[in-house]
Amino acid sequence: MNPPAALDIKGLTKRYGDGTLALDDLDLEVPDGSFFGLLGPNGAGKTTLIGAVCNLVRPTSGEIRVFGNPGGGMMARRMIGIAEQEPNLDKFLTVYETLLYHGGYYGMGREEAGERAEQMIDAFDLRNKRDVEAPKLSGGMRRRLLLARALLHRPNLVILDEPTAGVDLELRHELWSYIRVLHEQGTTILLTTHYLEEAEALCDEIALISGGKIVARDTAAGLKVSHGAETLEQVYLKTVAGGRIALAEEAARA
Ligand SMILES: Nc1ncnc2c1ncn2[C@@H]1O[C@H](COP(=O)(O)OP(=O)(O)OP(=O)(O)O)[C@@H](O)[C@H]1O
Ligand SMILES: [Mg+2]
């Protein structure tokens, strides 16, 4: 029998209370060990999808499995590390405490969590902010802390929702080399980003999402061939951004 996929999503639908249909009967399988990119325009449903996987958003219908375990359950939750698009840090906790308590929450002993917290502080270059509360960090530092926290409990599936938005060039390079090593060690990575070059360089598979549905899925090279495009940007414009580009062209002609 094949090992279970890191993520197996079937018929996932999310309709928010105000009637917005954010996910529309969506199917997606993310293979174990892959570096997977989820690309799509603002409002396509990426964050909602991630929220549903991480039990932050309650699906209207559909099924989610995380390495074969039911989504939302204890096993699934422990196997996932998430860095959300909007930094959600406790404003009363220092960098060290944020990491320490996260470890505790994910079942680590105090000593292990403390050691791991110190490791992550070094890995994400937060040593001189160790005892500073989150609101006193710069925006980029907050993002570093968010990532350090996501990785602290050694999750099998790491989900990064636009991790490099607002991050300086140096951290981007550091972050990607760190994530690449994690991936080489067997961790599955699910990434959303609006930087298409970044996705192309990093991801071994890419899914394009639009209007709450997956509209294309392949390697970057495969997507280019099947869409007769030279760049991933052209594929993106031809698929998910089609409507808006047509509108812009119409406006330009008027
Ligand atoms: N809590 C909410 N209540 C109502 N509608 C919501 C809520 N959260 C998101 N939506 C709507 O669901 C749709 C999908 O939003 P989502 O945040 O998943 O998009 P996204 O692909 O992550 O976009 P972005 O690239 O801007 O981050 C949008 O129309 C959005 O306005
Ligand atoms: Mg989003």
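Which helix gives the largest share of the shell around ligand 1? Helix α1 (residues 46-53) does, with three residues. This is a predicted model, where local features need pLDDT of at least 70, side-chain atom pairs count only at pLDDT 80 or more, and totals for chains, interfaces and linings use all residues. Residues are numbered from 1 along each chain as its sequence is written, while chains are lettered from A and ligands numbered from 1 in the order in which they are written.

**View 1. The shell around ligand 1.** There are 13 residues around the ligand, and Y16, N42, K46, T47 and T48 come nearest (near: C-beta atom, placed from the backbone, within 6 Å). By type, the shell splits into eight polar, three nonpolar and two charged residues. Here Ala, Val, Leu, Ile, Met, Phe, Trp, Tyr, Cys and Pro count as nonpolar, Asp, Glu, Lys and Arg as charged, and the others, Gly among them, as polar.

**View 2. Helix α5, mostly covered.** Ten of the 14 residues in α5 are buried (20 or more other C-beta atoms within 10 Å of the residue's own, C-beta atoms being placed from the backbone). Among them are R143, R144 and L145. The buried residues pack against β6 (80-83), α3 (95-105), α4 (110-123), β7 (157-161) and α6 (169-184). Just past the helix, R154 adopts a positive phi of about 50°.

**View 3. Confidence, end to end.** The protein averages a pLDDT (the predictor's confidence in each residue, from 0 to 100) of 92. Strand β1 (residues 7-15) is highest at 98, and helix α10 (residues 242-253) lowest at a mean of 63. Helices (H or I, at least four residues) and strands (E, at least two) are DSSP runs, numbered from the N terminus.

Technical notes:
A residue is buried if 20 or more other C-beta atoms lie within 10 Å of its own, exposed if 12 or fewer, and partly exposed in between; C-beta atoms are placed from the backbone. Two residues are in contact if their C-beta atoms, placed from the backbone, lie within 7 Å.
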